[in-house]
Amino acid sequence: MNDMTPIAVKTTLKDWESDQEVRWCPGCGDYAILKAVQRTLPEIGADPAKTVFVSGIGCSSRFPYYVESYGFHTIHGRAPAFATGLKLANPELDIWLVTGDGDGLSIGGNHTMHVLRRNLNRQIMLFNNEIYGLTKGQYSPTSRVGTSSPSTPAGSVDRPASPCAFALGAGARFVARGFDVSKNLTGVLKAAHAHKGAAFIEIFQNCIVYNKDVFEEFAVPKGAEDHQLWLEPGEPMLFAKGTQGIALDTEKLTLKVVDVIDGDWEGAGVIVHDVTNRSLAHMLVELPFGPFPMALGVIYDDPRPTYEDSVLNQDATSRAGKEPNLAKLLAKGQTWTVEPT
Amino acid sequence: MATNLKEKQSAAHSGSAGPSAPEAVVVRFAGDSGDGMQLTGGQFTLSTALSGNDLATFPDFPAEIRAPQGTLFGVSAFQINFGSTAIETAGDAPDVLIAMNPAALKTNVQALKPGGLIIADTGEFSKRNLEKAKYAVSPIDDGSLSKWDVLAFDISALTLESVKSFGLGNKEALRCKNMWTLGLALWMFDRDRAPIVQWLNDKFRKNPVLAEANIAALNAGHAYGETAELAGPLKQVHLDPVPTEPGLYRTVTGAEAVSLGLVAGAQLAGLSMFFGGYPITPASAILHNLARLKEFGVTTFQAEDEIAAICAAIGASYGGQLGVTSSSGPGIALKGEAMGLAIMTELPLVIVNSQRGGPSTGLPTKTEQSDLYQAVYGRNGDAPLPVVAARSPGDAFECAIEACRIAVQYMTPVILLTDGYIANAAEPWAVPDPDSFAPFPVTFLEQNNNAEGGKVLPYKRDERGVRPWIKPGTPGLMHRIGGIEKGIDTGDLDYSPQVHQAQTDARKAKIDGVARSIPAQDVCIGNSSGKLAVVGWGSTYGPIHQAVRRARGRGLDVSHVHVRHIWPLPENLGELLKGFDKVLVPEMNTGQFKTVLRDQFLVDARPLAKTSGQPFTIAEIEAAIEAMLA
């Protein structure tokens, strides 16, 4: 969303809090994401009357009830489809989709694919906690192999999907990552909002009841920063306080970790982030965590015309110069007249 | 109805209307799926309509697009019943069968009336084609067709001859066969060729040679009729125009009428329309039609699946447009959960089901009425919604408007039932005057409706139990709704026991209340009480109507009641049915409406069930009436 916000509306964080009691488990990562969103909305000048939060089913999908804007809690997996009709009916609305790893990649995977492929202008926040929370802890399509859960007592055996790789594969023009308690999350959300088109944001979210601390190696508030690769457009890909960087292994056509001595990242061959480089984006989202840090921030941002613009332009062209005359339409084709006798 | 196309025959049949003036004729065109039989039938229909005869058609084609040539399962047929009196059905048995190959003859000849005429293209009766049709010897030569009259000649060769001068390849030249045959049919029924010539010129605008070739074939077929008449075997038949109400007429199929009715409905509501669809037989035609009507404020969206199609339509309704989705049984099943969402969030939505044979994939191109339970009961939870059923292609126009009216006036999804027969069949249609329909303009809530000055109350119901329609984007009316149970007035998440009880009751009462806005049930023919009521709904209208008329002609005490509002039922229907000793419900299913009537009114409704994928014949219903009154 962006060019449709003609007048920035002045609001504060408080204006975006609804009167509903928040019903997530105490300590859930969702609280931090809600606050980050409520902090972001005043900063981008969003208008509560033109903002709509649309969700599917799951813990994350309760989100719309807690934001003082328009909100629609749809059915499992179908938020992207609902929001497609809504956006075509009123392109001026600023739509935020809230989904989870089960809602958006399992039951609603088909709609996630098509909303990205079509490139409808909206922000898609996928809260990834690698588990089904609201149904009490079954493994999800992003759970790691071996996840022990009520439905996989001996550990899950199927390989997880990678949300950002899926999004890029589906044709997404904006892909970003953040995590619940990150102070950088509002920056990522702002970049997503500034992108005109479908902006996909994977947000790692800690489910403290059923999948506690699965992201702690990189997402603990203090101490895990060395495993975070925060991507900035036009900046070298450095991490671990600038002592390490990402370089291109030209022989294997992959990325590699290199040591940076005395800040000489150029000498170490560290590459500069280009958000419009799709090949680079594919490599970044596939980096295995462990040998590599977790790539975070805006991974890819290269806008293309949106679906609603193309549809509405085409509709306008078809309508140009045509009078909608129903009587004429009904009498179309070959007709005959029966004369009174 | 007896039609005698051959002079010698008509002399042998006493009691017919005479050699050249039957009341009605049934013609069936049958050929390979690739032979263009539906096109031929469609053009013959147009010519029939233009000549002022009443008509009804029945296109009957396989699910495969082009099944292997010459096979029995690849036969495509088009039946038309036309005449100088009112026509309500496509006809029980054809008088004339035009068979373009052995398979077409084999699959259709048993339906032909004894003494009827077979016109067969011997050019296609090769050894190979006979084998494909499982004929050991040619039926033309072995006397097996003796109860019919056979006019067999080489249409293929005559077609090739007629288009020789255009330099077409053999395959292309043979494609003109259907126009040759149409030319002959036009001659047989004394029709004007000019509208067909005009249509061909238009269709092949970009390829004038093909237009000329097809016109030459059409003319050659017509000329053949004249020559054959001189030689003796054929007789031209002229049917007088039907005395009809003066006015402007056109032909319309159910799919066209639904599309036009939806456009009219949206206009009467003062709304733009959003149509979400996913391709499925036989419903896709509605998506195709509406995709060309953008200037009427229509946006069409071909979704990734049936679920996305309805969810997008619900999204558009939430945004303030009239959301519409359309499918057939299997697709409707997929939409079930989303219908519940529209019921729960109380948003207007029209869902069109062009029913086909089921269950599962069932019979994609054949007709059935077996989705009535699905429409009335087929959702999780207590999920009532209004259901309207069209009786004929023309009636589908009014029913679509009615579905739109109920949807916006009661903030509810509405199902409009048609079926494969109505969707594809054509009938003459008196072009309606759009001004003759009362508008039902929508008002959106613009101001806070909370008298106490608090938050807006999105679920504050009016005296009919209807909540306000609030468009996102409206300043000051922000609120959150969804599929989860919601508090009285506020719409806030609340599934406490008393709230769920109250909201379930409110949803039911609202839909029950729709009955107060619909007309009282009338009786189409017969008395409003008596020995037997034949109760129908949907596309069985034609055969029931004719069967009841004939039975009454023989002095039987029987009435025809045809129900448009399947849910809620008209308020007087129960009393009306109790005025009859017996109730018979013919349906193209195993007795679904019968069960609904029994449940609602405790009447002893008896089923007449048919699930062969073919419409009822008049004779079948007549026999059932006689059995009930015996």
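Author: Let us begin with a definition: a nonpolar core is a set of buried Ala, Val, Leu, Ile, Met, Phe, Trp, Tyr and Cys residues joined through C-beta atoms within 7 Å. A residue is buried if 20 or more other C-beta atoms, placed from the backbone, lie within 10 Å of its own. This is a predicted model, in which local features need pLDDT of at least 70 and side-chain atom pairs count only at pLDDT 80 or more, while totals for chains, interfaces and linings use all residues. Residues are numbered from 1 along each chain as its sequence is written, and chains are lettered from A and ligands numbered from 1 in the order in which they are written.

Reader: Which residues touch the most other members of the largest nonpolar core?

Author: In general, nonpolar side chains tend to be buried together in soluble globular proteins. Here the largest core holds 266 residues, and A:V175 and B:C404 touch the most other members. Helix α15 of chain B (residues 395–410) gives the most to this core, eleven residues; helices (H or I, at least four residues) and strands (E, at least two) are DSSP runs, numbered from the N terminus.

Reader: How many residues of each chain are in contact?

Author: Two residues are in contact if their C-beta atoms, placed from the backbone, lie within 7 Å. By this rule, 49 residues of chain A are in contact with 60 residues of chain B. On the side of chain A that touches chain B, the largest share, eight residues, comes from α2(A).

Reader: Which strand of chain B pairs with β12(A)?

Author: Two strands pair if DSSP finds at least two bridges between them. β12(A) pairs with β7(B) (residues 247–253) in the antiparallel sense, over four bridges. Within β7(B), B:G247 is the bridge partner of A:V338.

Technical notes. A residue is buried if 20 or more other C-beta atoms lie within 10 Å of its own, exposed if 12 or fewer, and partly exposed in between; C-beta atoms are placed from the backbone.
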